[in-house]
Amino acid sequence: MNVQSNFKPTAIADTPRIADNLLDLVGQTPLVRLQGYLDTADVNLIAKVEALNPGGSAKDRPARHMIERALADGRLSAGDTVVESSSGNMGIGLAQTCAVHGLKFICVVDPNAQAQNVAIIRALGGEIELVETAMDGDFLAARLDRVAELLRSSPDRFWPNQYANTDNPASHEAGTIAEIDAVLLDQIDYLFVACSSTGTARGCRDYLRAKRRKTKVIAVDAEGSTLFDGTAGPRKISGMGAGRLPELAEGQSFDGLVRVSDLACVAGCRRAVAREGFLVGGSGGGVLEAVRSMQETLRGKTVVAIIHDSGARYLGTVFDAGWVERELGASEAEVRSLAGLDPAAT
Ligand SMILES: Cc1ncc(COP(=O)(O)O)c(C=O)c1O
């Protein structure tokens, strides 16, 4: 493959200004052409690299927006405590936002939370509230019950509730897609977006519809997720999919839907590294494999894929061959073969 590059060293005059605080670094993430991921060079595939937000994921955007909107309209005041149920990127984004604004943060997690994410939330000053017992086999219900209990026990507590809060999609409408559109204007034929709360997909779609852009928004969901009338089943890749329908997702429709298996996500992660040197997270691997599954129909088109986070968050799961074998029942050679890579070259 002949990789085209038009890189020019940054001139002193182009050096960005100094941000006023860490949250001012949220957004303005880069776009990169993925020239080798697909089997054909006829698709103009571009990735939005959300791992380059300061907290490492797209969730920095809604975390900041939900908190700053609540501070602006008085639902939240200096010294208050933010309470949220999350064990992943939203927990990290909220811990970061609360640290900058001098707010306390309690993050409700269950035993399935990845130890690395919990450690990051703690390191950012968040307090971890561990729910040890599921309610009727459901840890999400138990976590939400604990959130309600924490809110009842003190008046100075605020629950952003990312699954129902319209400031979540609004942050992507004002940021993620507006940034992409500022570069590509009406050139995007397809936008591929992984879904969980559906905040990212919904915010992007609302912007594109309001601007009357031609772009088709393709929702990418996990097999086993209940979004988009899916049937509940086991899911092992965190970040993508939902076990119950979020309020934000009710009545929402997109221009297309691709469901990806856990193994497809892992395969996409391997292929992104092998073909692009791009360490993407699990949902990013799924999004790229969703694009690959449609590559024949995408010939001649410009396609943007939002990559929510980095593979660095998944070293103990997606990027651990032992975990993949144990949890997904596939050897590294099988994963590489699924990814269209040489199975022997491990
Ligand atoms: C890694 C990753 N990918 C995709 C998503 C889905 O984003 P949204 O909740 O906006 O649908 C999330 C959300 O938590 C995520 O953490």
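Two strands are said to pair if DSSP finds at least two bridges between them, and strands (E, at least two residues) as well as helices (H or I, at least four residues) are DSSP runs numbered from the N terminus. The model is a predicted one, in which local features need pLDDT of at least 70 and side-chain atom pairs count only at pLDDT 80 or more, while totals for chains, interfaces and linings use all residues. Residues are numbered from 1 along each chain as its sequence is written.

Six strands form an open sheet of mixed pairing in the order 1-2-10-7-8-9, and its edges are strand 1 (31-33) and strand 9 (256-260), each of which pairs on one side only. Within this sheet, strand 2 (residues 44-49) and strand 10 (residues 302-307) pair in the parallel sense over six bridges, with T302 of strand 10 as the bridge partner of N44.

Helix 7 (residues 262-276) and helix 8 (residues 282-293) pack with their axes, which are lines fitted to C-alpha atoms over the stretch in contact, 7 Å apart and at an angle of about 90°, where angles run from 0 to 180 degrees between N-to-C directions. The two helices, helix 7 and helix 8, are therefore roughly perpendicular to each other, a term that covers 65 to 115 degrees.

The ligand is surrounded by 19 residues, the closest being S197, T200, G239, S283 and H308; a residue counts as near a molecule if its C-beta atom, placed from the backbone, lies within 6 Å of it. Helix 6 gives the most to this shell, with three residues.

Key: Parallel < 35°, antiparallel > 145°, perpendicular 65-115°, else oblique.
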